Amino acid sequence: VNDDFNAFLHAESAEGDFTVAVKDVIDVAGMPTTAASKILRRVPERDATCVARLRAAGAAIVGKLNTHEFAYGALTNSPHFGPALNPWNPKHTTGGSSGGSGAAVAAGLVDIALGTDTAGSIRIPAAFCSVTGHRPTIGLVPTEGVFPTAWSLDAVGPLAPTATACRRALELMAGRTLEETARDLRIGVVTSLLERAQPEVAAVCEAAIRDLPGTLEPVRVPLHDEIATITQLVMLPEATAGHLGWLRTRLADYGPDVRARLLAGLFLPATAHVTGLRARRWARQEFERELGGYDLLVAPAMPTTPPRLDAVPATYRLDLMPYNSPAALLGLPVTIVPCGFVDDLPVALALTGRRGEDGVPLATAEWFQKVTDWHLRRPVDHASATELYTSRLAQPGRG
Amino acid sequence: MGSESSSVERLREIAEGQGVSPSDDDLEAVLDFVRRLLPALAELEERLPAETSP
């Protein structure tokens, strides 16, 4: 692998019909799993279920991809393995935590990359690297063999050059065909996320939204600000509980930001997680009541273009939370689709579907990619690659 | 929570009670975050409809 972007932590040659690389929290038989940490070192004997299903369908598993340490952050800048670099401009972040996955696809190093998304970790790098990504409905893809971040929020999904390739990979991992519909949709435009975004980003997104196939109506997400807090109440105790043994014995071996985040989970009262679970049900009820009639919600995927690695704003994580927390907390499917550039850096839309209806945002993204060419633009010269992925992965009856 | 130093001490007690021994720097790094989240938690507890189960 000619990896100029520090996307890979481990690479091997392999034979197959299409190439897949895997975020390094997902087990591949015979390859080390490190989670870009100094602590985790295991060489599993078995593939994670999602990997095994892709391998059975002809995938060549070619390596493990860089991630934020333990997939617990939004930058992919592990102090132990170094940052993944954005192929559109290596001075800028890929986002994270699946930053190696975004970089590998954007650079044309693989046909499909797998990522995980607890609170935005597929969506952020897909948007920042101008590739298509899909956070599936919670539970659609098995997480067996995936090192957990927060059990009740974790989802495994694909990043790829096209929505068609994402859909095919997702179907293989889920073990079933997804319903396809992208016509006569009732689409809610989340105006608060347009208003919060950088004006240039919002303008690009507004123009793209007008191209979507359906009736557009402005909407607001109920309890939107509270949802970020609720997500923290669910995520922090789960993540800290998963690391408690190492917090006791290997605390100094965590990078500073992940160590702080994991310690924070120790200081919430015992009732906090239960309150978070109760509040999640409340938020889900309010969401269903106000937005359940929409086939799709659309918003800017991120409020800004990817920041420079040496100038990440102090409010970076907080700024991203309103864009990522609702689907994470409620377990909804989201497809990220590239829709333009600002100052030569990527901008994308987030298409959020109803729980269990992953085919709707994916089919809408496929439709969008038939009438636009943003997904075909590449930071390096591998223009023919997209045709290859599409022709190889869209063949009926494959797998 | 009281003053910053006493807050750090309080956090240390809680951490050590769970078998974790953070440094002062570790605790100071997390203090602001905890100070923001705990009031948000309290507010949420007040607003959450009582009949809502997990």
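This is a predicted model: local features need pLDDT of at least 70, side-chain atom pairs count only at pLDDT 80 or more; totals for chains, interfaces and linings use all residues.
I started with B:Arg47, which forms a salt bridge with A:Glu226, their closest N and O atoms being 2.3 Å apart. (Salt bridge here: a side-chain nitrogen of Lys or Arg within 4 Å of a carboxyl oxygen of Asp or Glu.) The rule finds two salt bridges across the interface of chain B and chain A.

Residues are numbered from 1 along each chain as its sequence is written, chains are lettered from A and ligands numbered from 1 in the order in which they are written, and side-chain values use heavy atoms, with hydrogens and water left out.

**Chain B against chain A**

I looked up polar contacts next: nine residue pairs between chain B and chain A, both residues at pLDDT 80 or more. (A polar contact is a pair of N or O atoms within 3.5 Å; within protein, one must be able to donate a hydrogen and the other to accept it, and residues adjacent in sequence count only if both atoms are side-chain atoms.)

Which helix gives the largest share of the side of chain B that touches chain A? H2(B) does, with 14 residues. (Helices are DSSP runs of H or I, at least four residues; strands are E, at least two; both are numbered from the N terminus.) I sorted that side of chain B into 19 nonpolar, five polar and four charged residues. (Ala, Val, Leu, Ile, Met, Phe, Trp, Tyr, Cys and Pro count as nonpolar, Asp, Glu, Lys and Arg as charged, and the others, Gly among them, as polar.)

Then the area: the two chains bury about 2,500 Å² between them, 72% of it on carbon and sulfur atoms. (Buried area is the accessible area, 1.4 Å probe, that two parts lose on being put together, summed over both.) In chain B, B:Leu44, B:Leu48 and B:Pro54 lose the most area to chain A, together 21% of what that side buries.

**Two helices in chain A**

I checked how H7 (224–249) and H10 (316–330) of chain A pack: the angle is about 80°, and the axes are 8 Å apart. (Axes are lines fitted to C-alpha atoms, for helices over the stretch in contact; angles run from 0 to 180 degrees between N-to-C directions.) So H7(A) is roughly perpendicular to H10(A), a label for angles of 65 to 115 degrees.

A cis peptide bond joins A:Gly96 and A:Ser97, with omega about 15°. I found A:Ser97 in the loop between strand E5 (82–83) and helix H2 (99–106) of chain A.

Key:
Angles under 35 degrees count as roughly parallel, over 145 as roughly antiparallel, 65 to 115 as roughly perpendicular and the rest as oblique.
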